[in-house]
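Reader: I like to learn the terms as I go. Please show me the model, and I will ask about the words.

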Amino acid sequence: MSFSPEQGNYPRISLSVPEMKPFYEVVVVGSGYGAGVAACRMARTGHSVAVLEKGIERWPGEFPEDVTDALPEVHVSAPYQDVETGKRNGLYHIYVGDEQNAFVSEELGGTSHLNAHVALRMDDLTERMDIWPPEIKAEGLSKYYDRAEQMLRSNKYPEDWPVLKKLSTLERQATQLGPDYSSRFGRAPITVTFDNGLNAAGVQQNASTLTGNDCTGINDGSKTTTLVTYIADAWNHGAEIFCSCEVTYVKYIESTKKWAVFFRWLRPGRQDFSEEFSTQPFFVLANAVFLGAGALGSTEIIIRSKAIGLPVSDNAGKSYSGNGDILAFGYNLGDECDAIGVGPNDPKKRSITEQVGPCITGIIDMRNSPEVLNRYVIEEGVAPFALWPFLQTLFDLTPHKFGGPFVGALKHTMMYLIMSHDDNQGILTLHNDKLRIAFEGVGDTSRVRELQETLARMTVQNGGEFVPGPFETPMARNGLITVHSIGGSVMGSDGGNGVTNHKGQVFKYSDGKRKTEVHTGLYVVDGAVLPAALGVNPFLTITAVAERTVEFAAKDRGWVLSPRRITQAIDFKMPAYAPPRPLRQVGRKLEASHREFLTSLPSQGGIAFSEIMKGYFGTDLLSDDYRTAEAQGRSSSSTMEFFLTIIAYDLQALVSLDDHSADIVGTVSCRALSTDPLLVCQGSRFRLFSRDLNHVSTENLAYVLNLLATDGSKYKFEGYKIVDSRAMLNAALVWKATTTLYVTVSLVEDKGDVKTGTVMGRGILHLGASDFVKELTGFAAWANLPENINILPGLARLRQQLASFQISAQFVMYFARHVAEHFLPPMLQYPGSDKDLEYPTTSTKHEQWYVTTKDGGGTRAGKGPFYWYLVPVIHEIFGTNLIPTNFVTFLTDRGYDVFSLDHRLSPTIRASTGQIAMESVRFDVEAAVSETRRYTGCTTISAVVHCAGSVATFIGLLDGTISGLGHVVASQVAMHPVASSVKWLKAHLYLAPIVNRVLGVDYLVNSTPRGLKQVAIDQALRLYPVGKFSEICGSTVCHRSSLWFGLLWHHANLNDALHSNLDKIIGGVNMTTLRQLIDMTIKKQLLNVRREKVYVTPKNARKNLNFPITFIHGDKNQAYDLESTDADYNFLRNVNGPDWYRRKLFQNYGHLESWFGVEAYKQDIYPWVLEDIEYWADKNKIGYLATSDETLQEKYEMLQEKLEILHKE
């Protein structure tokens, strides 16, 4: 059986995800050129192969032909603007990056469906560049190019076919440019067929109808894509192909020596559960994995895998290139060009003098320069019919615009494409788990301008107007768009200069003796490995490199690649060289989103829906009582959650047979069983309203799941929803019964000393109301109707919709009838959540005492365990247990003595609600420093000071009140308080004094105490913005503190426990302090309470600040501008020279979360500050380093005695 685009009949070689096995010898990710090669050649070794493709399966005849069909297939990713819109696996994926944009295709066959099909080898000079691994330079790619060309079979546009106006125009323009260009003009080799016949894979292809719609998908069957060659051949040799599978990351399982490939199933109903969809992927195991998801897709997988823990070279994401692509237009030339694709009408009815032709047929091949980077090609192109309305908008309004794409100015418009060389300095990163492209200055180089000037001359000489590409605007920073993304996981000689070796194997490390070590069984086989722009269309080189990679992969495993030549047409009823597999054939009239559910079994139709349930799972007390097990799981935070899709392929079987069963696919997340999600394997069943024979008038909704962990462990999950008459007329209990699942998990195979059948735990899961709504909205039903090719397309669609509605109604009535037999319909309930959480610290107990200050006030200090130097800090900000590791714990765990300070502005001090001048706080700091030095006997100590504490400390240092500090880390502000823009505006409006006078409030609190005034403030602040949309929350503390100070933190850096308890950490502010701080920000300098500039003088700085001081600042600080610490840093360097001073900006941090951000202890702030403390302490002998070991021991004993006395007091 062959396919027929004209009749609308298509083979379906892909399988549904529920049919996927848990293990294959080889998993191939993607289906473009590199992935197609890997799938084909690995399948020809006779080993099991699975292909995972993000897009859906489309065959010629199923591609969009006009704008109404094309628009729903557009997917736009713009992570710089936090924009992600459109169909996740749409046919057309546009990446909007920083100056470099990209276009890729996502369907079975990849970008081979939408590229311009020019099959040119890279030139010898490019192949000899030093950037290629020496093995490839020595061997060359010639024989691999031969293999690629044997499969893809390129042709040049025949001389005896209709004359193409765009081709003639390009030839004329080459002549006008001079002999250097005209001599390089020719017809390009393209993978388009110009006669009917079998291709190298045995698939029937048709002669081109010259529609020109190659870049939106050609429907005449003439394009030689990977679908009709490599992928079809892989299927014919036994590969199993799965669509709508978005691979996210890979992980090596050390215990089994296998790879786990994690992916999301892009069934529409599952995507409604956005969080679980992202965090609970499927997986499939393999011995070898070939990443061929394109340069962007494969590199994204590598980067995400690295972030999760896979050791990979630090070069991952670097050396990205747009292949020097330039897209431009020659608008309204003097002669007709016919460079707009033919619409849905029959192209055979078009005049022979108006044929468009394939997208690219001609080329000016300027790859003759002795300098490789100056080589390039110019090709003509065709804008697909679906894009012509957008082109007219791009070209702006003209008197010639009317009449559509085939008359007027558009008929006289040329499309140009250039492939050249760039510096491959683009960077690929992840932002909010989305791929981000950055390529600074790529569109504004002298080389780009020279090439654009050449195109402009070609246009102007023919009476037209040169129009740069769609992103060539100041708003888009003169960015370029490429259809040829390469690099990101480039080849190299080792991990120091590449991500993969010459075989495509992924390096583990970037440096050291092991930098040539690779991951066994992990390969990259697409454009991501190309180390530089090629100056020509890259797909033939990608294919050749992939051919080389799979040859080495097979050879290393001792596998033999079958050289079998295909001379007979593929019979799509059954693979010729694989075990029998039933056919799934459908017509084009079936909705694409339901195709994956079809089977060869006869049925009227089926239903599918996705469901999420969450709860607690107890493993310690293996009680038969589920409530006890749930309580144990809750007490130990042992959670369980599943994300399932339930599929009844035959609704009649579901409602009529005794077991009322349906298939289940999905994942179960339970860290008590596996650190990764557990895969629900084949044989899992869902039973709807099955009779419980052990109880009266009881039915169960049963879930029996066969679970597989990534380490090979197997479990049986048995869950039951119990439906009986106990909830009669009680809507709340009705809901509880139908949304509560009682779960038992047991071991299927022996695991160490644990025997088969052992119960691993029990628990209870619940279905939340919001998840239930998503379950309803994602419900899908379909009908299997016989094909009727004589019915009009519109009527056929209506017929299908009515039949699907009937299937839906049948299921709903069945469900409602069973519910009605027991009780009333359920009422939605919304569960609450427990937000309180504390992390245990490893430090010993905290001791505290009060110290009398010079001005008679009191302050409180704390003492931790004993070792090196001492760091006075503000207590709650630095020592909260609401994050995994706080700064105090970070230091004490490393053996430091830490003395923390609650000064008189702290909410823990009763005096904080009074009116306090900032200069009085310096006495608190002085007292703390003096007492610390007295207790420890140290001459000098180190200090970390923040915000108001920093301001008070520098006031005291500058006027000589404070001494004994050998090193200071000043956080966010010190001597030059410069407000952010919003805070600056509020300061100049004197908002706080206005509130003071109008409401009579002397102390502004951040929580909500009793009183109408405070309540009024809260009500008014409901409308006060706290920042971007991502920062909006319902916290009183956030709104109040943002009003007075600006946004003090970025919510992305906090956890829920901390955010829910900010009122316990962040206090209020009195009007005197607030007014003084406002005055300082207006004057941008420390002031006393009388607004006098008496502190920040060169004399004071020379006398009192001539020691190590480090300034740190969060680059997203919305309270104090970066200018604050910059001014401090430069002031001290100018006065005292540069030797003592440092300044460090921390990326993506704001004001306060620099110290209580959940990630601050990892690789950001804490380690850097500790390094700074140790550097200066070692260099200047600060703290205990100034004391001998004997003296240190004596002082240690004395200190312990003092503390014991103090503790008793």
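Author: Helices (H or I, at least four residues) and strands (E, at least two) are DSSP runs, numbered from the N terminus. This is a predicted model, where local features need pLDDT of at least 70 and side-chain atom pairs pLDDT 80 or more, while totals for chains, interfaces and linings use all residues. Residues are numbered from 1 along each chain as its sequence is written, and side-chain values use heavy atoms, without hydrogens and water.

Reader: How does the reach of α14 compare with what is expected?

Author: Helix α14 has 15 residues, and 21 Å is expected for it at 1.5 Å a residue. From the first C-alpha of α14 to its last, the reach is 21 Å, which is close to that value.

Reader: Which residues of α14 are called buried?

Author: Buried means under 20% relative accessible area, exposed means over 50%, and partly exposed lies in between (1.4 Å probe, protein chains only). By that rule R447, V448, L451, Q452, T454, L455, A456, M458 and T459 are buried in α14.

Reader: What makes β9 and β22 edge strands?

Author: We need the whole sheet for that. Two strands pair if DSSP finds at least two bridges between them. Six strands make an open sheet here, in the order β9-β17-β18-β19-β16-β22, with antiparallel pairing. β9 (185–187) and β22 (465–468) each have a single partner strand, so one side of each has no neighbour in the sheet. From one strand to the next, the twist averages 25°.

Reader: How do you know that β18 and β19 are a pair?

Author: Count the bridges: β18 (residues 377–381) and β19 (residues 414–419) share five, in the antiparallel sense. Helix α6 (residues 165–177) lies across β9, β17 (362–365), β18 and β19, at about 150° to β18.

Reader: Why are α23 and α24 given the name they have for their relative direction?

Author: Helix α23 (residues 918–936) and helix α24 (residues 947–958) pack at about 85°, with their axes 8 Å apart. Under 35 degrees counts as roughly parallel, over 145 as roughly antiparallel, 65 to 115 as roughly perpendicular, and the rest as oblique. The two helices are therefore roughly perpendicular to each other.

Reader: Which residues meet between α23 and α24?

Author: Contact means heavy atoms within 4.5 Å. M918, E919, V921, R922 and V925 of α23 meet A948, V951, A952, T953, I955 and G956 of α24.

Reader: How do α24 and α34 sit on the other sheet?

Author: That open sheet has four strands in the order β41-β42-β45-β46, paired in parallel. Helix α24 packs on the sheet and touches β41, β42 and β45, its direction making about 130° with that of β41. Helix α34 (residues 1165–1180) lies across β41, β42, β45 and β46, running at about 170° to β46. Four bridges pair β42 (residues 965–971) with β45 (residues 1109–1114) in the parallel sense, and V969 has T1110 of β45 as its bridge partner.

Reader: Is K1084 called buried, exposed or partly exposed?

Author: Its relative accessibility is 34%, so K1084 counts as partly exposed. K1084 sits in the loop between α30 (1071–1083) and α31 (1098–1104). Phi of K1084 is near 60°, a positive value in a residue other than glycine.

Reader: Why is β13 described as largely enclosed?

Author: Seven of the nine residues of β13 (residues 245–253) are buried, so the rest of the structure largely encloses this strand. Eight bridges join β13 to β14 (residues 258–265), and the two run antiparallel.

How values were computed
Axes are lines fitted to C-alpha atoms, for helices over the stretch in contact, and angles run from 0 to 180 degrees between N-to-C directions. The expected span of a helix is 1.5 Å times one less than its number of residues.
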